[in-house]
Amino acid sequence: MKKIAIQGIQGSNHHIVANNYYDSNIQIDECLSFDSLVDSLLSDKSEQGIMAIENTIAGSIIPNYALIDKNNLHISGEYYLPIHHHLMALPNQTIEDLKEVCSHPMALLQCKEFFKQHKHIKLVEDVDTSAVAERIAKNNLKGVAAIAPKMAADIFNLEVIEDEIQTIKNNATRFVILQTQPPKNGKSEINKASLKFELDHKRGSLAAILNMMSDCKLNLTKIQSLPKIETPWKYAFFVDVTFNKYEDYAKAKSIIEIMAEDFKVLGEYKNGRI
């Protein structure tokens, strides 16, 4: 049985991804932070980990890029999950009975417009969506609600007060599958890659490398800059590219090694949106 580290507990979006991504039975290692998730991988407590990396509303989860890079983790795959936020509490309560809603900061941000209509409710940031649901059930907390997937309401016997409270209904999060060793994905399976590199402060240096990618028939699907803390005003670039032919990607990769500094392949895998 494969052990998978997730951020959060059962009933969380990470748990849903684990259930959807893996065909066989798995054992879950519940981690209440992304740092703990990384520790689970580095200590060999888990074979693979699932980490949210970006959301269509809130954008990139920038610290997670740094965690992947700093700890030399490898991306072996990805999964896109449509996000559904539900307001849940102990049974037989209405929204007027609520005094406080606790959830992950990202969930609160994605439901901001809904709570503008209910200004009597205090919004409190917490580490995990489903962990709040569990705490409400365990401690019989009346007047407190959680924002979490519907699975959490089923697991912890809570009642959904309002369905689909996210501001934008077409809301999705991209998750990456991580491991400490390079994945053994065959070239025929690979049509996406995550790369990291650094560039000198020269005019046109970034444009030159992006033009080269285009010439090599790579499609740039993501670019994210991250400051290098130890070198002020210098940035690392994290990019995702898709391609039809591995040979085109291999050519681009060999050129990037010449054009850029500190070049690293974070992962070569199958595009999760196909």
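## Exercises on a predicted chain

Over residues 3–180 the chain is 31% helix and 33% strand, with the end C-alpha atoms 14 Å apart. Helices (H or I, at least four residues) and strands (E, at least two) are DSSP runs, numbered from the N terminus. That stretch comes from UniProt, where an unreviewed entry lists residues 3–180 as "domain: Prephenate dehydratase"; UniProt positions are given in the numbering used here, feature names are shortened, and annotations may be inferred rather than shown by experiment.

Before you start: this is a predicted model, where local features need pLDDT of at least 70, side-chain atom pairs count only at pLDDT 80 or more, and totals for chains, interfaces and linings use all residues. Residues are numbered from 1 along each chain as its sequence is written, and side-chain values use heavy atoms, leaving out hydrogens and water.

### Exercise 1: the whole chain

Task: work out how many helices and strands the chain has, and why it counts as compact as a globular protein of its length.

Solution: 
- Step 1. Count the elements: you get 9 helices and 15 strands.
- Step 2. Box it in: along the principal axes, the C-alpha atoms fill roughly 65 × 45 × 35 Å.
- Step 3. Check burial: 51% of the 274 residues count as buried. Buried means under 20% relative accessible area, exposed over 50%, and partly exposed in between (1.4 Å probe, protein chains only).

### Exercise 2: the largest pocket

Task: find out which residues are closest to the centre of the largest pocket, and which element gives the most to its lining.

Solution: 
- Step 1. Rolling a probe the size of a water molecule over the atoms shows where empty space is left.
- Step 2. On a 1 Å grid over the protein atoms alone, a cavity is a set of points where a 1.4 Å probe fits but cannot get out, and a pocket is an open set with protein on both sides within 12 Å along at least five of seven lines; lining residues have an atom within 4 Å of a point. Grid points are joined across faces, edges and corners, and a volume is the space filled by probe spheres set on the points.
- Step 3. The largest pocket holds about 390 Å³ of space. Of its 23 lining residues, Gln7, His14, Phe34, His104 and Met106 are the closest to the centre.
- Step 4. Two or more lining residues come from each of helix H1 (13–21), strand S3 (48–55), helix H4 (105–110) and S11. H4 gives the most, with 4 residues.
- Step 5. Sort the lining by class: 10 nonpolar, 11 polar and 2 charged. Here Ala, Val, Leu, Ile, Met, Phe, Trp, Tyr, Cys and Pro count as nonpolar, Asp, Glu, Lys and Arg as charged, and the others, Gly among them, as polar.

### Exercise 3: the cavity and Asp240

Task: describe the lining of the largest cavity, then decide whether Asp240 is buried or exposed.

Solution: 
- Step 1. The count comes to 1 cavity of 30 Å³ or more, and the largest cavity holds about 60 Å³.
- Step 2. Residues lining the largest cavity include Ile53, Tyr65, Arg174, Phe238 and Asp240. Helix H3 (62–70), strand S11 (172–179), strand S12 (192–198) and strand S14 (235–242) each give two or more residues to that lining.
- Step 3. By class, the lining has 8 nonpolar, 1 polar and 2 charged residues.
- Step 4. Asp240 sits in strand S14 and counts as buried because its relative accessibility is 5%.

Methods:
The radius of gyration is taken over C-alpha atoms; the globule rule is 2.2 Å times the number of residues to the power 0.38.
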